[in-house]
Amino acid sequence: MASASLLKTSPVLDKSEWVKGHTLRQPSTSAVRCHPVAPSGLTVRASSYADELVKTAKAIASPGRGILAMDESNATCGKRLASIGLENTEANRQAYRTLLVSAPGLGQYISGAILFEETLYQTTIDGKKMVDVLVEQNIVPGIKVDKGLVPLAGSNNESWCQGLDGLAPRSAAYYQQGARFAKWRTVVSIPNGPTELAVKEAAWGLARYAAISQDNGLVPIVEPEILLDGDHGIDRTFEVAKKVWAEVFFYLAQNNVMFEGILLKPSMVTPGAECKDRATPQQVADYTLSLLRQRIPPAVPGIMFLSGGQSEVEATLNLNAMNQAPNPWHVSFSYARALQNTCLKKWGGRPENVKDAQEVLLIRAKANSLAQLGKYTGKGESEEAKQGMFVKGYVY
Ligand code: 13P
């Protein structure tokens, strides 16, 4: 553990600095924080970015807004492009991501956008930095920092998430490039267990990542996705989710992660995708809010759900049901498929469709914004938006 003499000075950034994105930090010695002393006498270091992390998290968890997850790896983005008959080239990925970030007025509904590394360093097709376009839209740029899932030796065919090696310098570089929050997605499979080993590994990895992110000025999104795969009922999902979140918060606390400076990205509590008993939005909301109340401290500013293969409309209806009464946290969305699916199809890779596709994206973003405020009615949705997108053993 670091001693007091190793403490960094504490730079203070105002909102305009993170909004501008690229300003180099000028350390100032005036804001060094108090560092708690552990009972053993060892000094525990608080992140020198503490105030900024809280501000960033609050800006993302702002009323009527949520996150656009557009951080598909090149392989996953390739599958999306293939579905509309496009080749997986950098130019095609750039064209699609340009369409997303430059949708006019997107920042009214979207507070943060998670990018894949390529996009963080990329320009739009008009030569503007993607990050700058987001900042102009009042959207905080974020970055996927995990390196993906690999088999977990000694488990029941489960996986673990790589990416801790070299994470600190990578995170510092992402901050310099304008990122202000991070995402690490690991998964837990219900049909394969989950084993104690897989749950502990997932929780420990998330906690180490969260501590490293905060140390480098990035608000960590903590995402232990409980996969939809399986024919189990909603009670089984609830039981597993309680176990997973208990472990996650145990290790977050052990790693001195500041809860006010994180965001969560849980799966909603639903039956397995192959379960015959389907749940209504009210049931999903009741189970999910019950889980959150039992496991998530109110200090956490935002709960930004993943969509996990639900249809666009289903994900929005479920979110809306969770916002019918005030919650201790901002309860919102961080969807990829449930924001992008109909937009991608509308685009179809044709420049003449860009405007229409952006409108479709805005319709979904607005619907979820209303759902965050508990005011979504579900009226007038297209049949396409009602189609599920579940994929067995989904990788991101
Ligand atoms: P989906 O909303 O498509 O499940 O994406 C989840 C995710 O982890 C994106 O960051």
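Two strands are taken as paired if DSSP finds at least two bridges between them. Helices (H or I, at least four residues) and strands (E, at least two) are DSSP runs, numbered from the N terminus. On that basis, strand S3 (residues 140–144) and S6 run parallel and are joined by three bridges.

This is a predicted model, in which local features need pLDDT of at least 70, side-chain atom pairs count only at pLDDT 80 or more, and totals for chains, interfaces and linings use all residues. Residues are numbered from 1 along each chain as its sequence is written.

**Overall content**

- The protein has 13 helices and 10 strands.
- Of its 396 residues, 47% count as buried; a residue is buried if 20 or more other C-beta atoms lie within 10 Å of its own, exposed if 12 or fewer, and partly exposed in between, with C-beta atoms placed from the backbone.
- Among contacts between residues at least 6 apart in sequence, 79% join residues at least 24 apart; two residues are in contact if their C-beta atoms, placed from the backbone, lie within 7 Å.

**The barrel**

- Eight strands form a closed barrel in the order S1-S2-S3-S6-S7-S8-S9-S10, with parallel pairing.
- Helix H9 (residues 234–254) packs on the sheet and touches S6 and S7. The direction of H9 makes about 150° with that of S7; axes are lines fitted to C-alpha atoms, for helices over the stretch in contact, and angles run from 0 to 180 degrees between N-to-C directions.
- Strand S8 (residues 263–264) pairs with strand S9 (residues 302–305) in the parallel sense over two bridges, and Leu264 has Ile303 in S9 as its bridge partner.

**Strand S1 and its neighbours**

- Five of the five residues of strand S1 (residues 66–70) are buried, and the strand is mostly covered.
- On one side of the pairing list, S1 joins strand S2 (residues 110–115) in the parallel sense over five bridges. Gly66 stands opposite Ile110 in S2.
- S1 also runs parallel to strand S10 (residues 330–335), to which two bridges join it. Leu68 has Tyr335 in S10 as its bridge partner.

- S6 and strand S7 (residues 219–226) run parallel and are joined by eight bridges. Val187 has Glu225 in S7 as its bridge partner.
- S6, helix H8 (residues 196–215) and S7 make a right-handed β-α-β unit; a crossover is right-handed if, with the strands pointing away from the viewer, the path from the first strand over the helix to the second runs clockwise.

**Surroundings of the ligand**

- Of the 14 residues around the ligand, Ala69, Leu306, Ser307, Ala336 and Arg337 come nearest; a residue is near a molecule if its C-beta atom, placed from the backbone, lies within 6 Å of it.
- Strand S6 (181–188) and helix H12 (337–347) are the elements that give two or more residues to this shell.
- The shell divides into seven nonpolar, two polar and five charged residues. Ala, Val, Leu, Ile, Met, Phe, Trp, Tyr, Cys and Pro count as nonpolar, Asp, Glu, Lys and Arg as charged, and the others, Gly among them, as polar.

**Loop geometry**

- Gly193 and Pro194 are joined by a cis peptide bond, with omega about -15°. Pro194 lies in the loop between S6 and H8.
- Asn138, in the loop between helix H6 (130–136) and S3, has a phi near 65°, a positive value in a residue other than glycine. Asn138 is partly exposed, with 15 other C-beta atoms within 10 Å.
- Asn256, in the loop between H9 and S8, has a phi near 55°, again positive in a residue other than glycine. Asn256 counts as partly exposed, with 18 C-beta neighbours inside 10 Å.

**Ser83**

- Ser83 lies in helix H3 (residues 74–83) and is exposed, with 12 other C-beta atoms within 10 Å.
- The C-alpha atoms of Ser83 and Gly348 are separated by 8.9 Å, and the two residues are 265 residues apart along the chain.
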